[in-house]
Amino acid sequence: MLNVKEEKKTATSDVSVIAQMLQHNHEQVLFCNDKDTGLKAIIAIHNTTLGPALGGTRMWNYATEAEAFNDVLRLSRGMTYKAAASGLNLGGGKAVIIGDSTKIKNEALLRRFGKFVNSLGGKYITAEDVAMNSKDMEYIHMETKHVTGLPELLGGGGDPSPVTAYGVYLSMKASAKERWGSDSLKGKKVVVQGVGHVGENLVKHLTEEGAKVTITDINQDRVKAIAKQYNTEVTDGDKLFDLDMDVYAPCALGATVNDNALSRLKCTIICGAANNQLADETVHGEIVMKKGILYAPDFVVNAGGLINVYNELHGYNRERAMKQAESIYDTVAKVYQIAKSENIPTYIAANRMAEQRIAAIGKVKLSF
Ligand SMILES: NC(=O)c1ccc[n+]([C@@H]2O[C@H](COP(=O)([O-])OP(=O)(O)OC[C@H]3O[C@@H](n4cnc5c(N)ncnc54)[C@H](O)[C@@H]3O)[C@@H](O)[C@H]2O)c1
């Protein structure tokens, strides 16, 4: 996999659309324009070997169309890897709607977008992403059935965060087993950065198991409430990187595993929900390994959200989604096995595992 920086360089050095698709073998891109509603969107389908391409729609005020195109190519490819590594029968896709959601988002624009999704006949299934919510999915659903992330009343799965948090918790246990020989987190010092939807649910699992949890969040009201409810310690800002801890759980933003953090972190395991935790995969994935820190690859750890929407495709059932999320424990363990046997960083092991599954199942599908 190319890292993001390399991708940006190559994306701008060759403006040809198909040349950029060729770089990572994207199957199809749909450019959508509607003058009446002001809709400008791009839907990218990276790979459908394993199944229909599922991935959220992001609304963002991109500075240029090239930036939007680069983002949708990168994000859709990420979905291929996430689905494949998680053992789901899904391909990778993503959509971006260009514009400021506070200014341009309305029913007509979303329904027009729904028509474009529908025109792909189920090859792409959409979901929520940045600046989109379940109400928006309802509007899209008026024009297409190829949408997930619907409210529970419409057969959707509701808030995916409890399923995501459960997957993070199990990933942490699998990491503990790998490092300490037992998957018990009792007495382990865990620092959770970001106690939002996922972070809070994670704190619940951890405190129930008897871990010594410390939390931090930029929202002080939230910190106070969660600390009181679950009886946790509290830290402030980036002081967390100087704490004595066993596990660092990034559950707020991406790119927190960077030069600054790694020069200070003294943890044994990094395992959290945030996307793109390694500021630069090739650089920080390597440093983490050299420092002897076990990094649980984010896209494997936080796959509970995808597992949740995948379940909507088969008649949603929260119990089944939680059950399916249990597979994340074994997936993480398998990643560590590959990383050890090939002496490679864990993020490369996870990518390799995804690629191998796509290649193997692709061959199975060739036979009748
Ligand atoms: N919700 C899901 O099911 C899901 C699935 C996959 C990945 N993720 C990722 O997990 C992370 C958390 O998701 P969420 O749904 O809980 O989001 P959220 O918005 O509910 O919570 C994020 C929390 O992080 C806090 N925060 C922001 N910046 C911070 C900082 N610098 N330091 C400390 N705290 C900070 C916010 O105040 C908020 O409380 C995100 O990166 C998200 O992309 C979530």
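**Strands and their partners**

I began with strand 11, residues 269-270, and found that 2 bridges join strand 11 to strand 12, the two strands running parallel. Within this pair, isoleucine 269 stands opposite leucine 294 of strand 12. I note here that I am reading a predicted model.

Next I looked up the sheet to which these strands belong, and it is an open sheet of 6 strands, with parallel pairing and the order 9-8-7-10-11-12. Strand 9 (233-234) and strand 12 stand at the edges with a single partner strand each, so one side of each has no neighbour in the sheet. As a reminder to myself, strands of a sheet pair through backbone hydrogen bonds, and the pairing is either parallel or antiparallel.

For the antiparallel sense I turned to strand 1 (residues 28-34) and strand 2 (residues 39-47), which pair over 7 bridges. Here leucine 30 is placed opposite isoleucine 43 of strand 2. The hairpin made by strand 1 and strand 2 has 4 residues between the strands, and in that hairpin glycine 38 takes a positive phi near 80°.

**The ligand**

Which residues are closest to the ligand? I found 18 residues surrounding the ligand, with Thr164, His197, Val198, Asp217 and Ala252 as the closest. For alanine 252, a backbone N or O atom lies 2.9 Å from an oxygen atom of the ligand, while a polar backbone atom of isoleucine 218 is 3.5 Å from a nitrogen atom of the ligand.

On its own the ligand has 830 Å² of accessible area, and the protein covers 72% of this. Helix 7 and helix 8 (197-209) are the elements that give two or more residues to the shell around the ligand. Sorted by class, the shell holds 8 nonpolar, 9 polar and 1 charged residues.

**The second largest pocket**

My last entry concerns the second largest pocket, which holds about 260 Å³ of space. Its lining has 17 residues, and Arg179, Met289, Leu294, Ile344 and Thr346 lie nearest the centre of the pocket. The elements that give two or more residues to this lining are helix 7 (161-180), helix 11 (281-290), strand 12 (294-295), helix 15 (327-342) and helix 16 (346-366). By class I noted 10 nonpolar, 4 polar and 3 charged residues in the lining of the second largest pocket.

Definitions and conventions. Residues numbered from 1 in each chain as written. Predicted model: local features only at pLDDT ≥ 70, side-chain atom pairs only at ≥ 80, totals over all residues. Heavy atoms only, no water. 1 Å grid on protein atoms, 1.4 Å probe; cavity = no way out; pocket = protein on both sides within 12 Å on 5 of 7 lines; lining within 4 Å. Points joined across faces, edges and corners; volume = space filled by probe spheres on them. Nonpolar A, V, L, I, M, F, W, Y, C, P; charged D, E, K, R; others polar. Near = heavy atom within 4 Å. Polar contact = N/O pair within 3.5 Å; in protein donor to acceptor, adjacent residues only side chain to side chain. Areas by Shrake-Rupley, 256 points an atom, 1.4 Å probe, with all protein chains shown as cover. Pairing = 2+ DSSP bridges.
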